[in-house]
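Subject: Handover of a structure

Dear colleague,

Please find the structure below, handed over for your use.

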Amino acid sequence: MIDYNCACLVDIKDNKLLLVRVRDNEKFYLPGGKIEKDEELKPALIRELKEELDVDIHAENLIYLYDVIGDAYPDNKQQVKLNCFKSNKPFNDISAHGEITEIKYIDLEDYDKMAPAVIKLIEKKLRRSKIV
């Protein structure tokens, strides 16, 4: 059973994945967040990226990649579905807003810093699709 349904951005530069950290959580996860009731995926991601990173992305620039279901973080007794998108338009000016306390491009091998569903994304999707 999926407890959290999220729209997320996958942005990779130089074999590093853009990740965010919330409040005092130890692990990082993908930018984006929970999809509200009756909200579609792209509008949810656009809203979340504006709230978290102060980034304006238009729906036509978002490309759906795939979804991944994995353990939620920090409550690994629940499941999260990550609906993953990439942007075909680069963005450079990002800053932490709202609940985000840190933004980093983290090496794709640095699993100890990543939430479980992000690790599953890398292992099951990114490596198989030859994105990394």
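I begin with a sheet. E2, E3 and E7 form an open sheet of 3 strands in the order E2-E3-E7, and their pairing is antiparallel. E2 and strand E7 (100-107) stand at its edges with a single partner strand each, so one side of each has no neighbour in the sheet. Between E2 and E3, which run antiparallel, there are 2 bridges. Lysine 13 has lysine 16, in E3, as its bridge partner. Please bear in mind throughout that this is a predicted model.

Overall architecture

The chain has 2 helices and 7 strands. Read from the N terminus, the elements follow the order β-β-β-β-α-β-β-β-α. The radius of gyration is 13 Å, close to the 14 Å given by the globule rule for 132 residues, so the chain is as compact as a globular protein of that length. The C-alpha trace spans about 35 × 30 × 30 Å along its principal axes. Of the 132 residues, 39% count as buried. Among contacts with a separation of 6 or more, 65% are between residues 24 or more positions apart. The chain exposes about 7,400 Å², of which carbon and sulfur atoms supply 46%.

Pairing of E1

Strand E1 is paired with E6 and with E4. E1 and E6 run parallel and are joined by 6 bridges, while E1 and E4 pair in the antiparallel sense over 3 bridges. In general terms, the strands of a sheet pair through backbone hydrogen bonds, in either a parallel or an antiparallel arrangement.

Nonpolar cores

The largest nonpolar core has 23 residues, and those with the most contacts inside it are Leu17, Leu19, Leu30, Leu82, Val118 and Leu121. Strand E1 (4-9), E3, E5, E6 and H2 are the elements that give two or more residues to this core. H2 gives the most, with 6 residues. A second, separate core has 16 residues, including Ala7, Leu18, Ile57 and Ile100.

Which residues of helix H2 (residues 116-126) are buried? They are Ala117, Val118, Ile119, Leu121, Ile122 and Leu126. The buried residues of H2 pack against strand E2 (12-13), strand E3 (16-22), strand E5 (62-71) and strand E6 (79-87).

Leaving out residues up to four places away in sequence, leucine 82 touches Cys6, Cys8, Leu30, Tyr66, Asp67, Val68, Ala117 and Val118.

Arginine 21

Arginine 21 is found in strand E3. Is arginine 21 buried or exposed? Its relative accessibility is 18%, and buried means under 20%, so arginine 21 counts as buried. The side chain of arginine 21 reaches the backbone oxygen of asparagine 25 at 3.1 Å. Apart from neighbours within four places in sequence, arginine 21 is in contact with Glu26, Lys27, Phe28, Glu99, Ile100, Thr101 and Glu102. Among these contacts, Ile100 is also listed in the second core.

Backbone features

- Tyrosine 73 and proline 74 are joined by a cis peptide bond, with omega about 10 degrees. Proline 74 lies in the loop between E5 and E6.
- Aspartate 14 has a phi near 50 degrees, a positive value in a residue other than glycine. Aspartate 14 is found in the loop between E2 and E3, and counts as exposed because its relative accessibility is 74%.
- Arginine 23 has a phi near 45 degrees, again a positive value in a residue other than glycine. The place of arginine 23 is in the loop between E3 and strand E4 (32-34).

With kind regards

Terms used
Residues numbered from 1 in each chain as written. Predicted model: local features only at pLDDT ≥ 70, side-chain atom pairs only at ≥ 80, totals over all residues. Heavy atoms only, no water. Buried < 20%, exposed > 50% of the residue type's maximum accessible area, 1.4 Å probe, protein only. Helix = DSSP H or I, 4+ residues; strand = E, 2+ residues; numbered from the N terminus. Contact = heavy atoms within 4.5 Å. Core = buried A, V, L, I, M, F, W, Y, C linked by side-chain atoms within 4.5 Å. Polar contact = N/O pair within 3.5 Å; in protein donor to acceptor, adjacent residues only side chain to side chain. Rg over C-alpha atoms; globule rule 2.2 N^0.38 Å. Areas by Shrake-Rupley, 256 points an atom, 1.4 Å probe, with all protein chains shown as cover. Pairing = 2+ DSSP bridges.
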